[in-house]
Amino acid sequence: MGPTEPLMVQSDGTLMLHTVHTVTDAAGRPAKDEQGRPVTAEHPRYQAARDALAPFAELEKSPDYLHTYRVTAISIWNAAALGVTAEEIERTLDKFSCVPVPPGILERIRGWLERYGLLRIERVGDEERFRLVAGDPAALEDVLGHASVRGRVEVDDAGQVFVDP
């Protein structure tokens, strides 16, 4: 972390990556072009930061000077599928951030990673039927509490959960 790093991490999971920095003159003031506009150059750490964010953050917007990424449960689960750990994500955010990383987003990332793999969808034999299986009964109970999920599954008398094809 340092004041010249290109990344700002917000508590809502938004990551703002500066693609450029202001060029300064010998006195440390912003250099200006012929029309008096600030002169910019590609941020020297932009490409490294962009590549480091790719495994766990989704690019949302990419205008010229500021790219916006978002860290979501799905982006973190995708990272977990690649073997990325919470420690690696935290190191990356700290390494490229120009301000302290909010602790709340780090807690959410750890929580999402801990839940990765608790639910699986498995084919039932040779049938065209699929069962939702939980490594943790509480995780299954939690997901079944969502009306959007409950409407897409069938729970049999034995408590097995089948996914609506």
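How many helices and strands does the secondary structure of the chain come to? The secondary structure comprises 6 helices and 10 strands, where helices (H or I, at least four residues) and strands (E, at least two) are DSSP runs numbered from the N terminus. The model is a predicted one, in which local features need pLDDT of at least 70, side-chain atom pairs count only at pLDDT 80 or more, and totals for chains, interfaces and linings use all residues. Residues are numbered from 1 along each chain as its sequence is written, and side-chain values use heavy atoms, with hydrogens and water left out.

**The chain as a whole**

The C-alpha trace spans about 75 × 30 × 25 Å along its principal axes. The radius of gyration of the chain is 22 Å, whereas a compact globule of 165 residues would have one near 15 Å; this radius is taken over C-alpha atoms, and the globule rule is 2.2 Å times the number of residues to the power 0.38. Of the contacts with a separation of 6 or more, 51% join residues 24 or more positions apart, contact meaning heavy atoms within 4.5 Å.

The chain exposes about 10200 Å², and carbon and sulfur atoms supply 52% of that area; accessible areas come from the Shrake-Rupley method with a 1.4 Å probe, and for residues only the protein chains shown count as cover. Buried residues make up 32% of the 165 residues.

A residue is called buried under 20% relative accessible area, exposed over 50%, and partly exposed in between (1.4 Å probe, protein chains only).

| Residue | Relative accessible area |
|---|---|
| Glu5 | 16% |
| Leu7 | 0% |
| Thr19 | 6% |

Glu5 belongs to the segment before strand 1 (7-9). Its side chain makes a polar contact with the side chain of Arg45 at 2.9 Å. Such a contact is a pair of N or O atoms within 3.5 Å; within protein, one must be able to donate a hydrogen and the other to accept it, and residues adjacent in sequence count only if both atoms are side-chain atoms. Beyond four places in sequence, Glu5 touches His43, Arg45, Lys95, Phe96, Ser97 and Cys98.

Leu7 is found in strand 1. Residues up to four places away aside, Leu7 touches several others, including Leu15, Leu53, Phe96 and Val99.

Thr19 lies in the loop between strand 2 (14-18) and strand 3 (20-22). Apart from neighbours within four places in sequence, the contacts of Thr19 include Ala41, His43, Tyr65 and His67.
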